[in-house]
Amino acid sequence: MKTIHQLRIFLLLSLFLLIGNLSYGQQTNHPLDPLTWQEYWTVLEVLQETDHLNADTRFSHINLVQPNKTLVWQWNKTKEIPRVAFAIVHQKKKTFKAEVNLVNRKLETWNELKGIQPTWLEQEFGSMVDKVKQHPEFIAAMKKRGYKDLTFIDGVFLPPGYFGTEEQKGKRIAHSQWMDVRNARNTWSRGIEGLTVVVNLDTEEILRVVDEGVVPIPTVNIDFDTASIPTVREMPGPIFINQPQGAGFTMDGYTVAWQKWKFHVRPDHRVGMVLSTVTYKDGSDERQVLYEGHLSEIFVPYMDPSFGWYHRNFIDAGEYTAGGLTKPLLKGLDAPDYAHYMNGLAIHDNGRPKPIPNMIAIFERETGDPSWRHYSNAMEPESRVKRDLVVRCAAVLGNYDYIFDWIFQQDGSIKVLVGATGIAEAKASIQKDATSPSENGKPGDAYGRFVDPHVIAVNHDHYFSFRLDMDVDGETNSLQLDRLRTEILPEELPRRSVWVSQPMIAKTESEAKLKINLDKPTLWRVVSNTRKNHVGYPTSYQLMPGKTGNTLLSEDDYPRKRVGFINYHLWATPYQSNERFAAGDFPTLSLPGKGLPEWTSKNRSIENKDIVLWYTIGMHHMVRAEDWPVMPVLWHSFELRPFDFFNGNPALDIPKD
Ligand SMILES: [Cu+2]
């Protein structure tokens, strides 16, 4: 028997396939390819040539305008590629949307956007720190905390959500957070509690200094780099996973082909990555499954009513795209060494392209699980090794990290996962720990949990909205709800009840606003209106939820009103190319009702239509000691499963050897 340290795991692959090295997207091979370095510059040059750039010009987005969907499905390499980019341009208090034709270098539109606040800029995080440090009230508040010198006090200004106050209406209001960063690598327990400065970024006015009282900064060291860990555990020897015959997938530009799957994946400034034109080869037939799938929005509300915390209700993807949502993956740590790493581009505030190396990792893996099995004495026992293709990126939003995986499986299913990791946001507390007496009638852990002496990780939620433009065997689909209900049986039978399925087609958007109810289980399936399987059922894909949560915020709470997508686990809408972000295009200081609630208020028909599903993952995070100082990855997921799409188990043909 082999000992652990002798273990070698080899992924032996039948094909040696070359993978192109995509270096920051210098070529365009497909209508959905991300903007190239040169194309970002074309946008900037065209705006310069048309006199739309000045010293105050900043950019929160430059991205591809979605090409026509039918054109994309029908596109092949003999056809021309339409290339249009849009830019969201800030000029002081005004915001403009420009569209630039990249083929003929022409400014197609330039329109002012009114009634919105554009996405936060990188420079806005720190733009008023120096000015505030000279403000007498701030200096006095810091003096009360024992600081005469503010050199090593770092500040950050964030959008405070929106609460409909006169102070906020129509203004670019920011609230500050402060930290003493001396002598700590991990500074997330070093916050200066109870001191918030409210500013107007448009006018650079300091509106208020809110001092809720002095709380000493905790002295605990929460560094977690290798040098800070007293002893590193002994590992019993390496496990090698390698692919001696090369990767088992091919890449043609941004198009990936793996076994029977084929899809396009592109890095995206705002949502990390977008998977498109997903097909599964069934015999000679390349069957459509999903036109487009991607993260749509993230929402993280904190559950502490103090002034310094109630405004922390971050609409992360829409508010904090600055510099790009995703950050580089660490090769060999965040994903295997042998993965293919795809670079991406984000933008700086000045609109210039910013390289993000190793933004997406694509790799095969065998986890030791079977795809299927049966053991029998009557016939030869059968089992097949499961192999997956993983497409991964990781977002970083201040303290938190999220890993996003799309896992393509041999049985025709796609599993989508989000892993929460990183550092829980914590506040300093006068009380030391869970045994300390109450202060002002409240225990120290009323709104969070002690994770270290004088450190409370504040209760919060994480919500993720995924946009899934399903095209199951074509664009004409419906949402079928198979409701499993109890049927009471006739009295003469010994059994009293069984469950039966009551299928129903959701005809309008309101019939598709659904929450998971374990007492009334319902299968959610996108069915084809044009194709049936061998026994006469419409072909379909099921959206199978994983563990998720419901919001506990009251309906009149502003954070909930601004992020209506959390009200349901499932939404379905008729396809509209401009409906992409579940809390609206511009959630920064946004008014209530944007995004899904606004679109679906029309209660449009979704029957026999090209439909888009929106799925919400929710989690309540009551932080444990084990989540500190850095949290083990906590995974949530859902799955897109073929349901009568094939005429049998599509993974029967996995070879046994
Ligand atoms: Cu959390």
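Mentor: A residue is buried if 20 or more other C-beta atoms, placed from the backbone, lie within 10 Å of its own; with 12 or fewer it is exposed, and in between it is partly exposed. Helices (H or I, at least four residues) and strands (E, at least two) are DSSP runs, numbered from the N terminus. Now take strand β34, residues 611-621. It is mostly covered, with eight of its eleven residues buried.

Two notes on the source. This is a predicted model, where local features need pLDDT of at least 70, side-chain atom pairs count only at pLDDT 80 or more, and totals for chains, interfaces and linings use all residues. Numbering starts from 1 along each chain as its sequence is written.

The chain averages 94, and 96% of its residues reach 70 or more. Residues 1-22 are another matter: pLDDT stays under 50 there.

Back to β34. Strands pair if DSSP finds at least two bridges between them. Strand β28 (residues 460-470) pairs with β34 in the antiparallel sense, over nine bridges. Look for Y463, which stands opposite G618 in β34. Strand β33 (residues 570-574) also pairs with β34, again antiparallel, over five bridges. There, P574 faces I611 of β34.

Next, strand β27, residues 455-458. Strand β25 (residues 426-428) joins β27 by three antiparallel bridges. A426 sits opposite A457 in β27. Strand β26 (residues 448-452) pairs with β27 too, antiparallel and over four bridges. F450 has I456 of β27 as its bridge partner. The hairpin of β26 and β27 has two residues between the strands, and H454 there takes a positive phi near 65°.

Now step back to the domains, whose bounds come from an automatic or database domain assignment. They are domain 1 (37-113), domain 2 (123-227) and domain 3 (247-653). Domain 1 and domain 3 have C-alpha centres 29 Å apart. Contact means that two C-beta atoms, placed from the backbone, lie within 7 Å. By that rule, 15 residues of domain 1 are in contact with 14 residues of domain 3. On the domain 1 side, α1, β2 and α2 (69-74) each give two or more residues. The largest share, six residues, comes from β2.

So what does β2 belong to? An open sheet of four strands, in the order β2-β3-β4-β5, with antiparallel pairing. Strands β2 (57-64) and β5 (106-113) are the edges, each pairing on one side only. From one strand to the next, the twist averages 20°. Strand β4 (residues 94-101) meets β5 through seven bridges. A98 stands opposite W110 in β5.

One last stop: N63, in strand β2. Is N63 buried or partly exposed? Partly exposed, because 18 C-beta neighbours lie inside 10 Å. Beyond four places in sequence, N63 is in contact with L35, A85, F86 and H269. N63 and S296 are 233 residues apart in sequence, yet 15 Å apart in space, C-alpha to C-alpha.

Definitions and conventions
pLDDT = per-residue confidence, 0-100. Axes fitted to C-alpha atoms, helices over the stretch in contact; angles between N-to-C directions.
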